[in-house]
Protein chains: 4
Amino acid sequence: MAKANETTKTETSEVNAGHLRAFVERIERLEEEKKALSGDIKDVYGEAKANGFDVKIMRKIVSIRKQDRDSRIEEETILDLYLAALGMN
Amino acid sequence: MAKANETTKTETSEVNAGHLRAFVERIERLEEEKKALSGDIKDVYGEAKANGFDVKIMRKIVSIRKQDRDSRIEEETILDLYLAALGMN
Amino acid sequence: MAKANETTKTETSEVNAGHLRAFVERIERLEEEKKALSGDIKDVYGEAKANGFDVKIMRKIVSIRKQDRDSRIEEETILDLYLAALGMN
Amino acid sequence: MAKANETTKTETSEVNAGHLRAFVERIERLEEEKKALSGDIKDVYGEAKANGFDVKIMRKIVSIRKQDRDSRIEEETILDLYLAALGMN
DNA sequence: GCTACTCGGAAGGCGC
DNA sequence: GCGCCTTCCGAGTAGC
């Protein structure tokens, strides 16, 4: 026990520090990938522009298509809520 | 020429429509991947939390480390400018 | 000029301080009003609940109605964009 | 009773529908007012900016003052609790 | 207590 | 290059 106690606190800190560092680095790696994707998206818009498309309109199209998907999900959600409220689920 | 003109406009529209659709779908695919990564990041935070770490503090750490990196880049950029101004690049 | 210079700096600071304070207080007043409205909204939901309505469903209804309005605006926006792109505005 | 039963359900639905609609519209009206206030606040920041003030810093000031107020309220609440515990309220 | 939603602030992209 | 607008992130709040 004595020996264990001598080292426990430090070891715990070390473990926690290493553990924490691992989590932080995993997050940073994922954020790097996200950033890269953002760059890719920007590139695609640039490519489209080079092909004569209007980027502003394209963005709106993407935005509206997204809204449509979201609305569909919302409506399904409220339908579920109604069904649940009526004890029909 | 006349015959060509008859079809040109429609063909062009078709080509443009297909082209546009391709760009939009590429963008949507990339945004899907971004969204997935956001989910992964959220999961990592959740995992860290389950291991006893404080998520709010972790976010601060990640944020500060990012700022430090940005500052470093900023400083390197300024350094490059100075070196260039001195003809030392 | 000399006399003006004697006081200019201090006066400017005073003016700025007073000016800044005025802006800050106007903002805080407006935020107070916003907060009061949030409270009112909460009260209405509470009242509805007391009348047997399902607050969660009500929130969804309000949310969907808002989305519908937003979608309508978005669609008008993209229509305007198309018209502008075609030189028809 | 039979006659009553014939109409009760429909009447109830109608009453509920009207009632629900009234609540929803009250909420939407209040949210409109909130949105208008948000616009006013934005305008004040814009006005301050036009007068040479740094908006980002102003936001920090407002935020800090709010925290201070909250802290004060928190402290008063705790004080009240102590006083109550001591039977001195 | 944890999760999900909402809101305000900050950053990035676009147009003038 | 600057300002505007939209988008994204973090914080606080309400519900289960």
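This is a predicted model: local features need pLDDT of at least 70, side-chain atom pairs count only at pLDDT 80 or more; totals for chains, interfaces and linings use all residues.
Which residue forms a salt bridge with C:Lys66? The partner is C:Asp70, and the closest N and O atoms of the two are 3.3 Å apart. A salt bridge here is a side-chain nitrogen of Lys or Arg within 4 Å of a carboxyl oxygen of Asp or Glu. Residues are numbered from 1 along each chain as its sequence is written, chains are lettered from A and ligands numbered from 1 in the order in which they are written, and side-chain values use heavy atoms, with hydrogens and water left out.

Let us stay with the opening pair for a moment. C:Lys66 and C:Asp70 are separated by about one helical turn, because they are four residues apart in helix α2 of chain C. Helices (H or I, at least four residues) and strands (E, at least two) are DSSP runs, numbered from the N terminus. C:Lys66 is partly exposed at 43% relative accessible area, and C:Asp70 is partly exposed too, at 30%. In these terms, buried means under 20% relative accessible area, exposed means over 50%, and partly exposed lies in between (1.4 Å probe, protein chains only). Chain A holds a salt bridge between A:Lys66 and A:Asp70, with closest N and O atoms 3.2 Å apart. These two residues lie in helix α2 (residues 55–85) of chain A, four residues apart. Over all chains, the rule gives 26 salt bridges.

Salt bridges also cross between chains. B:Glu47 pairs with A:Arg26 at 3.2 Å between the closest N and O atoms, linking helix α1 of chain B to helix α1 (residues 2–50) of chain A. B:Glu47 is partly exposed at 35% relative accessibility, and A:Arg26 is partly exposed at 37%. As a general point, side chains of opposite charge can pair when their charged atoms come close.

The interface of chain B and chain A can now be viewed as a whole. Here 28 residues of chain B are in contact with 30 residues of chain A, where contact means heavy atoms within 4.5 Å. The size of an interface is often given as the accessible area lost when the parts come together. For chain B and chain A, the buried area is about 3,000 Å², and carbon and sulfur atoms give 73% of it. Buried area is the accessible area (1.4 Å probe) that two parts lose on being put together, summed over both. Within chain B, the residues that lose the most area to chain A are B:Phe23, B:Ile27 and B:Phe53, together 19% of what that side buries. The rule finds six salt bridges across this interface, including one between B:Arg65 and A:Glu28 at 2.6 Å.

Chain C and chain D form an interface with 30 residues from chain C and 28 residues from chain D. They bury about 3,000 Å² between them, 73% of it on carbon and sulfur atoms. C:Phe23, C:Ile27 and C:Phe53 supply 18% of the area that chain C buries against chain D, more than any other three residues. Six salt bridges are found across this interface, and one of them joins D:Glu47 to C:Arg26 at 3.2 Å.

Chain C also meets chain A. C:Glu74, found in helix α2 of chain C, is buried, with a relative accessible area of 12%. Its side chain makes a polar contact of 2.9 Å with that of A:Ser63. A polar contact is a pair of N or O atoms within 3.5 Å; within protein, one must be able to donate a hydrogen and the other to accept it, and residues adjacent in sequence count only if both atoms are side-chain atoms.

Finally, what surrounds DNA strand F? Among the residues there are A:Lys34, B:Lys56, B:Arg59 and C:Lys42. A residue is near a strand if one of its heavy atoms lies within 4 Å of it. Of the atoms of DNA strand F within 4 Å of the protein, 100% belong to sugar or phosphate. A phosphate oxygen of DNA strand F is 2.4 Å from an N or O atom in the side chain of A:Lys34, and for B:Arg59 the corresponding distance is 2.9 Å. The largest share of the surface near DNA strand F, three residues, comes from α2(B).
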